[in-house]
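I opened the model and kept notes as I went. Here is what I looked up.

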Amino acid sequence: MWAYIAKRLLLAVPVVIGVAFIVFAMVRLIPGDPAMVIAGQAATPEYIAAIREDLGLDRPIVVQFAVYFKNLTTGDLGRSIRSKAPVTEELWARLPNTFRLASASMLVAVTVGVTAGIVSAIRPYSLLDAAVMVAALTGLSMPIFWSGLMMILVFSVILGWFPAVGTGTLAHLVLPSVTLGMASAAIIARMTRSSMLEVLRTDYIRTARAKGQVERIIIGRHAFRNALIPVITVIGLQTGTLLSGAVLTESVFAWPGVGRLLVEGILTRDYPVVQGSVLVVALVFVFVNLAVDVFYAVVDPRIHYT
Amino acid sequence: MSERPLGVGRRPQAVRASRARLAWLQFRRNRVGLLGLGIIASFLLMGMLAPVIAPFDPYDVDFDKSLEKPTRGSPFGRDELGRDMLSRVIYGARISLVIGVIAVVIGVGLGVPLGALSGYYGGWPDLLTQRGVDVMLAFPGVLLAIVIVAVLGVGLPQAMIAIGVVSIPVYARLVRGQTLSLRAQEFVEDARAMVANASDRRIIFKHILPNTLAVVIVQSTLQVASAILTAAALGFLGLGAQPPTAEWGAMLSGARQYLRLAPHAVTFPGLAIMMTVLGFNLLGDGIRDALDPKMRL
């Protein structure tokens, strides 16, 4: 197990370097003169030159790369072209909001998804099961930004229950986190159902039933625990869905997180901000995946890793 | 796909044909899949016949009718510039379906050979490809597409390329795994040992790729769904199709400011996205069940 964990950690190193390299290459790959593109059409030659110097684009590419990596190791992500503030500062201000949104969504996704999956599996091919599965597939097919708008329309504009945009109170968190959590809930529900059904077919469940065990304990203790492993994997994978979904959800609900920072950055061609946001989101994703894999190795000693 | 192929080397054409027929017979009984196919066919027809069936020109501006509620003449209402929503939604089907297809063509065209070669030859090219795939998959979902758009600039063609590139690692990983397990199977080893002129190319094309077809088809169906969602998302964020293009995501982006005044302008493009994506998801589930009930993706 420890060898596996060590190997998994080691494999993450080239990925992290690769991500950092892509983020570095982003600006350099812009067709034409990146400094001109970033400065915009109405820019003066002086301004373009200033940006070129600011981003270090006037130096040889090898030097640029060395400087970039040296700065990365000291946590220096450069300065925003628009606000002139250090990018790390902007990211620190936004990150807590994105984490708050993502955790609340994860809570929604796991609660709704696991419950729906179990309910479905208890009475497979019943009307209830069919209804849950249709709902799950619909949830999976809904564009997240649209379900967000529909949430605002129904629960804010028509019913007036929750605020539509902004942040601050718990009520502000409800609509965005339900919106973002729903798509993941659908995937978790599907996986919970199929994993539960598989376990419920096994001999030891039949034995438990034969000895007259209460159904509630069979489902809760015997079946669910053993059905949990693939469910946990899927939950881990949902971090990616949540992170990329956050970009959209934050835009819909004017939620001041990293996702919105990223989109605003692209629209205003503020590349240092774009690079910083992309780097942070990708690294968070890599580390969560790593954590899920390690967790997996710890909880399930049966699995043989090679 | 663990079943042993029938009559290897004799009449592969006939075997493949009968297998496809078998899958179709299975699929025909699958109501979920048929429903998906029906939905997709309707949207496809809608897109192709757009100039005939759309009641208005989707780009015809009429300020007098700005944000008009649904009426008998325009059942989906009108948007902020007084353009007919029904016509715009109908034309939107064209863009979304084309994006879905282009994304899959790029993904299959580059991802499948990459995965097959990587899995077949192994060694350092495999290692290199797989680390590349790792890095691409380190960007969750729509983020990689956003990165590519940030480099190429905003716009519909750029978004199409971005969405296609995003699906390359998915196929590469999938086909590599399939190739690895096929390579170890007896019929491939037999072909390598016995047939004198069984070049690598021949083995890859005759024995490996045809056997990865099932998973590639299922994945492609689901990939179209996710491509359509990503394209709409980019359009919505202002990074994909630009106004006044009648693209569903861009339409939502324009209409969202009028959510209170004109909920209809926000409702219908979203419904269209949802239905199309649902169609492909249903079809994907149906094909998967028909080809192999045990296959998990």
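**Helix 4 of chain B.** I began with burial. Helix 4 of chain B is mostly covered, with 26 of its 37 residues buried. I keep in mind that this is a predicted model.

Next I checked the length of helix 4 of chain B, residues 85-121. At 1.5 Å a residue, its 37 residues should span 54 Å. The end C-alpha atoms lie 53 Å apart, which agrees.

Where does helix 4 of chain B bend? I found the bend at B:V108, and it is about 25°. Just after the helix, B:G122 has a positive phi of about 60°.

**Contact between the chains.** I then turned to the contact. Chain A gives 38 residues to it and chain B gives 33. By residue class, I noted 25 nonpolar, 4 polar and 4 charged residues on the side of chain B that touches chain A.

**A:W161.** Last, I looked up one tryptophan in chain A. A:W161 sits in the loop between helix 7 (144-158) and helix 8 (170-200) of chain A. Is A:W161 buried or exposed? It counts as exposed, because it has 11 C-beta neighbours inside 10 Å, and the cut-off for exposed is 12 or fewer.

Technical notes
Residues numbered from 1 in each chain as written. Chains lettered and ligands numbered in written order. Predicted model: local features only at pLDDT ≥ 70, side-chain atom pairs only at ≥ 80, totals over all residues. Contact = placed C-beta atoms within 7 Å. Nonpolar A, V, L, I, M, F, W, Y, C, P; charged D, E, K, R; others polar. Helix = DSSP H or I, 4+ residues; strand = E, 2+ residues; numbered from the N terminus. Expected span 1.5 Å × (residues − 1). Bend = angle between axes of the 7 residues up to and from the residue. Buried ≥ 20, exposed ≤ 12 C-beta atoms within 10 Å, placed from the backbone.
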